[in-house]
Amino acid sequence: EAIVFPGRSVLAVLAAFPTLLNPATDRLVDTAECIKERLLTKTEVASSLNLFYGCDLGFVNDVASNGERRLLFAGETVVQQGSTVGTLFVLEHSRVSIQISGVGTVNEVPAGNCFGERTLLGIAAEANATVRVATPFALALAILRTALHKALKKHPVEVEHFEKLKTSPQGGRISGSKVRHVELFRASGTGFLEALNAKVTSAMFLHGQTIVVEGSYEEDPAMFVLSGGIVVAERHGHAIARISPGATFGELAMLGVSPERAVTIRAVTLCFIMSIQSSAFHQALEKFPEEKERFDTATSGSHKEGPRVVWPCLRGESSRLLYLLDLYAEKFSCLAGDRRLGHAPFNEAAILILEGEISVLDPQGRELAVLTAGCCWNERILAGARAKQTERLLPITNCEVRIVNRETWGKVMAEFPSDLGKVRAAILRYMGEQAEKRLGY
């Protein structure tokens with residue numbers, strides 16, 4: 001016979017009688033310090049929040065660098081109902097309970113959630129609920145109102161952003177904070193992000209634990225966001241890539257593009273990972289038809305405006321690779337004569353012309369070539385070469401282009417590590433063919 005103690009019951013007892021943890025305090029502190037070393041930087045955490053979305057990175061860094069990482073134990077109060085302190089808390093590890101006086105516990109939220117933004121901005125005079133640690137310990141990043149105001153004095157241009165937040169329908173509330181920074185969803189609306197955010201789950205993996213297995217089929221596959229730690233991608237038992245915090249993997253399986261896992265993912269260190277199940281993703285899509293249409297279009301490769309435009313330097317490559325590239329690459333529309341394409345960051349990226357005509361000019365402004373729909377420029381960066389320094393683009397007509405920078409390309413190719421050599425050879429071959437054409441061969 002055995003006595004079973006449900007985990008939630010044990011946590012409830014610890015929250016009610018936190019002194020029971022006193023004998024284990026030193027060990028909990030050691031564990032927390034180990035976890036802290038593997039979390040995202042304070043600036044990375046802050047920049048992923050909707051509260052700072054669109055703000056200058058220098059401003060976000062000034063706010064976050066003054067933030068405090070706090071270690072809190074079971075039952076400890078993070079925010080007291082009625083408090084006027086005005087501190088934003090970002091829960092980075094474990095869970096907290098939300099309690100309202102006269103009602104009791106109304107919710108329990110995992111790592112990745114935030115609270116206190118309304119009092120931070122001065123929208124609410126006091127906290128409307130009490131927040132307590134519901135696990136043996138928790139880690140939270142605290143951003144004080146004084147830190148925000150100090151940074152605003154240094155960066156007065158950001159004041160308008162926060163004034164708009166105060167009058168927005170969200171009332172300053174942070175939405176979709178856990179998934180907003182994920183590249184796959186960067187073009188998605190706030191409502192969709194918030195619906196998806198509610199379905200995100202978090203988990204911790206120890207060194208050596210397997211997260212996904214190569215060749216496996218899953219009824220409800222998930223994509224993963226690495227919040228902290230290092231994982232390794234393995235194929236046929238051999239390590240092919242190390243993945244660092246902030247990266248994602250498993251998108252193709254979650255989207256239904258690939259029926260099986262392409263690689264095994266294993267934790268190299270203690271890791272914190274957020275996951276989004278395919279079922280949760282599609283439930284969120286059903287609530288937002290415009291998002292469903294965007295993802296369905298990308299998945300099917302069909303376009304209402306006409307035939308799909310493919311990168312000429314990648315013709316013959318796998319449809320999975322081209323799909324992921326289309327999904328991640330940024331679309332940019334510009335008017336005739338728009339000079340922005342000739343400057344950073346556009347002149348440091350590979351560009352595919354989807355519609356219109358664009359001139360390629362030398363430093364003296366002489367036209368070297370005219371690019372039309374289906375042509376690409378600066379594809380050399382995809383092969384690891386430096387961007388063209390002696391050419392710039394100038395639209396002749398209204399245009400639409402697709403832009404891929406080095407970071408986006410690296411993200412896509414991380415899903416196809418064994419194809420790196422073949423793809424690079426294809427790009428170099430295309431570049432050689434174009435050079436021969438220019439020389440008249």
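In this predicted model, the buried residues of helix H13 are Thr408, Trp409, Lys411, Val412 and Met413. So what lies over them? The cover includes strand E14 (248-249), helix H9, helix H12, strand E23 (399-404) and helix H14 (420-439).

Let's pick out H12 from that group. H12 takes in residues 319-328 and H13 takes in residues 406-413; their axes come within 10 Å and cross at roughly 145°. The crossing is right-handed. On the H12 side, Leu321, Leu324, Leu325 and Tyr328 make the contacts, and on the H13 side they meet Thr408, Trp409, Lys411, Val412 and Met413.

**Over to H9**

Helix H9 was on the list of what covers H13, and Glu251 lies in H9. Is Glu251 buried or exposed? Glu251 has a relative accessible area of 0%, so this residue is buried. Setting aside residues up to four places away in sequence, Glu251 touches Leu184, Met223, Tyr328, Lys411 and Glu415. You've met two of those names already: Tyr328 from H12 and Lys411 from H13. Leu184 is 67 residues away from Glu251 along the chain, yet their C-alpha atoms are separated by 8.2 Å.

**Charged pairs**

Side chains of opposite charge can pair when their charged atoms come close. The structure holds twelve salt bridges, and here are some of them:

| Salt bridge | N to O distance |
|---|---|
| Glu218 and Arg261 | 2.9 Å |
| Arg366 and Asp362 | 3.0 Å |
| Lys388 and Glu391 | 3.4 Å |

Take the bridge between Glu218 and Arg261. The two partners sit in distant parts of the chain, 43 residues apart: Glu218 is in the loop between strand E10 (210-212) and strand E11 (222-228), while Arg261 is in the loop between helix H9 (251-255) and strand E15 (264-267). Their surroundings are worth a look too. Glu218 has 34% relative accessibility and is therefore partly exposed, whereas Arg261, at 5%, counts as buried.

In the bridge between Arg366 and Asp362, Asp362 is buried, with a relative accessible area of 8%. As for Lys388 and Glu391, Lys388 is partly exposed at 23%, and Glu391 is partly exposed at 22%.

**A loop asparagine**

Lys388 turns up again next to Asn378. You'll find Asn378 in the loop between strand E21 (376-377) and strand E22 (392-395). Why does Asn378 count as buried? The reason is its relative accessibility, which is 0%, and buried means under 20%.

Leaving out neighbours within four places in sequence, the contacts of Asn378 are Asn347, Glu348, Ala349, Ala350, Ala387 and Lys388.

**Rings that pair up**

How many aromatic pairs does the structure hold? There are 13. A pair of aromatic rings is described by the distance of the centres and the angle of the planes.

Start with Phe52 and Phe162: the ring centres are 6.0 Å apart and the planes stand at 70°, so this pair is edge-to-face. Phe52 lies in the loop between helix H3 (42-47) and helix H4 (57-65), and Phe162 lies in helix H7 (residues 159-167), so the pair ties together parts that are 110 residues apart in sequence. Phe52 and Phe162 are both buried.

Now for Phe332 and Phe346. Here the centres are 4.6 Å apart and the planes are at 40°, so the pair is tilted. Phe332 belongs to strand E17 (residues 330-334) and Phe346 to the loop between E17 and strand E18 (350-355), so this pair ties together parts that are 14 residues apart in sequence. Phe332 and Phe346 are buried as well.

Which residues form one aromatic cluster? They are Phe185, Phe192, Phe281, Phe288 and Phe295.

Terms used. Residues are numbered from 1 along each chain as its sequence is written. This is a predicted model: local features need pLDDT of at least 70, side-chain atom pairs count only at pLDDT 80 or more; totals for chains, interfaces and linings use all residues. Side-chain values use heavy atoms; hydrogens and water are left out. Helices (H or I, at least four residues) and strands (E, at least two) are DSSP runs, numbered from the N terminus. Buried means under 20% relative accessible area, exposed over 50%, partly exposed in between (1.4 Å probe, protein chains only). Contact means heavy atoms within 4.5 Å. Rings of Phe, Tyr and Trp (its six-membered ring) pair if their centres lie within 6.5 Å; planes under 30 degrees apart count as stacked, over 60 as edge-to-face and the rest as tilted. A salt bridge is a side-chain nitrogen of Lys or Arg within 4 Å of a carboxyl oxygen of Asp or Glu. Axes are lines fitted to C-alpha atoms, for helices over the stretch in contact, and angles run from 0 to 180 degrees between N-to-C directions. A crossing is left-handed if the near helix is turned anticlockwise from the far one by less than a right angle, and right-handed if clockwise.
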